[in-house]
Amino acid sequence: MEALRIAELISRYLSDTDGLNAAERAALAKWLFASAANRRLLEALKDPTQQQKAIQQIHDFTQEATLQRILAAKQQKRTFRVHRILPWLTGTAALLLIFFGIYFVTLRPSRSGVQQHSQATDVAPGTNRATLTLANGRTLVLDSTQSAIIVRSEDITYEDGTGLSVGHEHKKGTPSPVVDCQLTTPKGGQYQIVLPDGTRVWLNAASTLTYPSRFTGSTRAVYLEGEAYFSVSKSKKEQPFIVKSSHQEVTALGTEFNIHSYDEEIKTTLTEGKIKVASYASRPVGASGKRQPPVSLQILSPGQQAVNNHGHIKVQHVDTESQVAWKYGLFDFTGSSLAEVMKQLEHWYDIEVVYENEIPPMKFMGQIYRNNNLSQVLKILENAQVHFRIDNRTLIITNK
Amino acid sequence: MKAEPMPDKPTHTQSPIDMGNREVFGQMYQRYFGTLCYFASRIIGVREDASDVVEELFTGLWQQCRQFNNQEHLKAYLYRSVHHASLKFIRNSTHAKERQWVFLERIDENEENIQQQIITAEAYGALYRAIYDLPAQCGKVIRLAYMDGLKNEEIAGQLRLTVQTVKNHKQRGLQLLRKRFTNHVFPLTLLLSYFFFVNR
């Protein structure tokens with residue numbers, strides 16, 4: 001969240017004027033430069049009287065009694081519950097839901113990397129893997145010990161500053177041509193990229209982001225296949241950020257949202273700000289291709305999700321945290337069906353899922369870290385009395 | 001008596017947070033609860049209501065044993081959730097129909113405003129946590145003096161020190177805090193010109 005990053009910079013700046021490094025000073029200066037309101041805010045925050053008043057209030061709110069009241073509130077439920085929807089009850093399903101009350105402790109990732117299990121076949125989780133394809137056709141495999149690259153007009157580096165051998169062939173001083181580049185993640189991969197305008201994109205597994213080397217013109221446009229989370233930076237001039245997918249375009253100005261676009265149904269979840277979701281009947285041509293007018297248009301507020309099925313957009317309220325949990329390294333299966341859970345596992349573990357017989361409908365609940373091996377995640381299936389076998393990279397599911 | 005909160009340590013920012021763990025939950029409560037109430041009260045306007053909203057959120061985290069990957073994840077979640085819960089409270093509150101109407105009407109203007117409110121709350125919150133970073137006795141004296149509002153004699157009695165020692169601790173504490181809090185800072189104009197230079 002950009003506001004939190006700025007707040008951190010400001011509080012460290014207030015505590016110790018030399019506490020920020022060069023990049024941080026520049027970031028703070030950029031925020032100050034962005035509006036007079038920002039400059040006024042910093043001045044207000046420096047006022048010791050206001051500081052004292054605020055700190056007094058914060059102190060008054062922090063009561064030991066409140067903490068004890070919270071801790072005493074009802075039983076904790078550290079569960080990974082599975083709701084099985086029995087078909088003959090669907091008529092009165094609202095009144096009668098039978099819970100298989102099997103409890104499962106959410107596992108913490110084992111940091112030492114030593115995972116003890118007797119299974120000969122298990123599947124390791126995904127890692128930071130991606131390739132970058134430049135306009136001249138050159139493909140670069142990105143360093144898996146790094147997690148993000150930053151694209152600037154003159155170069156591309158990893159987030160920690162290490163350079164990439166990109167091989168720009170243009171003379172310094174002349175503006176480089178604007179070219180389309182692609183960041184691609186395989187199954188079991190993920191990577192982050194900071195675009196020339198400062199927008200940060202988290203790319204999930206089996207996805208591709210096509211972006212221009214520079215944002216010129218009246219809009220900032222990129223093309224997404226797969227899943228990504230966008231934290232769009234505000235632009236000084238009115239230059240909206242547009243994410244195009246197969247039959248959808250999302251327009252945003254300084255917001256945060258997630259787009260899930262692996263198949264025919266595209267889900268766009270807004271966590272902050274405001275976006276416009278437009279659906280189309282046909283695919284565009286390339287990242288800058290033109291389209292027929294949209295079939296339907298929706299404007300989303302935070303907490304809403306647009307589900308786009310070939311033109312028809314349905315807007316619903318969702319628990320945004322479960323939709324974007326992957327960005328924080330977590331699977332969140334809350335409200336997902338078995339098929340949806342399996343799709344996520346297919347992408348992250350690079351496996352193929354095969355069903356031996358029909359599984360009754362069920363809804364999951366709970367979270368588990370993405371850096372667990374597949375067998376750990378599959379323990380939830382055991383609890384739902386669904387059985388599985390891992391054969392190389394194929395996961396076979398049976399209903400007992 | 002109030003429990004001692006954990007100061008912000010950079011090394012902690014990357015470890016996972018288990019809100020079902022009693023000790024961890026207590027630390028996160030001390031660290032963020034008051035600041036989030038402050039933030040919520042700027043939206044809702046009534047302190048008790050703000051406190052109720054944040055308490056409900058924290059109770060949910062405790063009961064569900066929510067996991068977070070690191071501080072960044074937790075903070076973003078907390079601010080977003082308090083924001084949404086506060087808006088929901090205003091919408092549902094029967095006593096605040098007028099306030100709601102005015103607030104929702106100016107929703108665009110309020111987007112910017114919310115960002116500013118988050119920055120304000122979190123900047124003050126960090127300063128609040130800094131007070132607990134002061135060395136032991138010094139910090140206790142400062143807190144008793146400026147937060148609980150005790151006189152020197154009362155502090156001396158409570159901590160079993162001489163009044164002179166209390167005065168010394170106060171002075172040292174204020175010096176340390178002044179180093180952190182004052183506005184004899186890097187002038188604004190210099191900061192802006194730095195930005196111009198970097199962007200040439």
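The second largest cavity holds about 50 Å³ of space. This is a predicted model, and three cavities of 30 Å³ or more are counted in it.

**Second largest cavity**

Both chains contribute to this lining. From chain A come A:Glu321, A:Ala325, A:Leu330, A:Asp332 and A:Gln367. From chain B come B:Arg66, B:Gln67, B:Phe68 and B:His73. Two strands each supply at least two lining residues: S20 (330–332) of chain A and S2 (67–68) of chain B. By class, the lining has three nonpolar, three polar and three charged residues.

**Largest cavity**

The class count here is five nonpolar, five polar and three charged residues.

**Loop residues in chain A**

Most residues other than glycine have a negative phi. A:Ala206 has a positive phi, near 50 degrees. A:Ala206 sits in the loop between strand S9 (200–203) and strand S10 (207–212). Is A:Ala206 buried, partly exposed or exposed? Its relative accessibility is 27%, so A:Ala206 counts as partly exposed.

A:Asn392 is not a glycine either, and its phi is positive at about 60 degrees. The loop that holds A:Asn392 runs between strand S24 (386–391) and strand S25 (394–399). A:Asn392 counts as exposed because its relative accessibility is 64%, and the cut-off for exposed is over 50%.

A:His247 also belongs to a loop, the one between strand S12 (241–245) and strand S13 (248–252) of chain A. Buried or exposed? A:His247 has 5% relative accessibility and therefore counts as buried; the limit for buried is under 20%. The side chain of A:His247 makes a polar contact of 3.0 Å with the side chain of A:Ser246.

Notes
Residues are numbered from 1 along each chain as its sequence is written. Chains are lettered from A and ligands numbered from 1 in the order in which they are written. This is a predicted model: local features need pLDDT of at least 70, side-chain atom pairs count only at pLDDT 80 or more; totals for chains, interfaces and linings use all residues. Side-chain values use heavy atoms; hydrogens and water are left out. Helices (H or I, at least four residues) and strands (E, at least two) are DSSP runs, numbered from the N terminus. Buried means under 20% relative accessible area, exposed over 50%, partly exposed in between (1.4 Å probe, protein chains only). On a 1 Å grid over the protein atoms alone, a cavity is a set of points where a 1.4 Å probe fits but cannot get out, and a pocket is an open set with protein on both sides within 12 Å along at least five of seven lines; lining residues have an atom within 4 Å of a point. Grid points are joined across faces, edges and corners, and a volume is the space filled by probe spheres set on the points. Ala, Val, Leu, Ile, Met, Phe, Trp, Tyr, Cys and Pro count as nonpolar, Asp, Glu, Lys and Arg as charged, and the others, Gly among them, as polar. A polar contact is a pair of N or O atoms within 3.5 Å; within protein, one must be able to donate a hydrogen and the other to accept it, and residues adjacent in sequence count only if both atoms are side-chain atoms.
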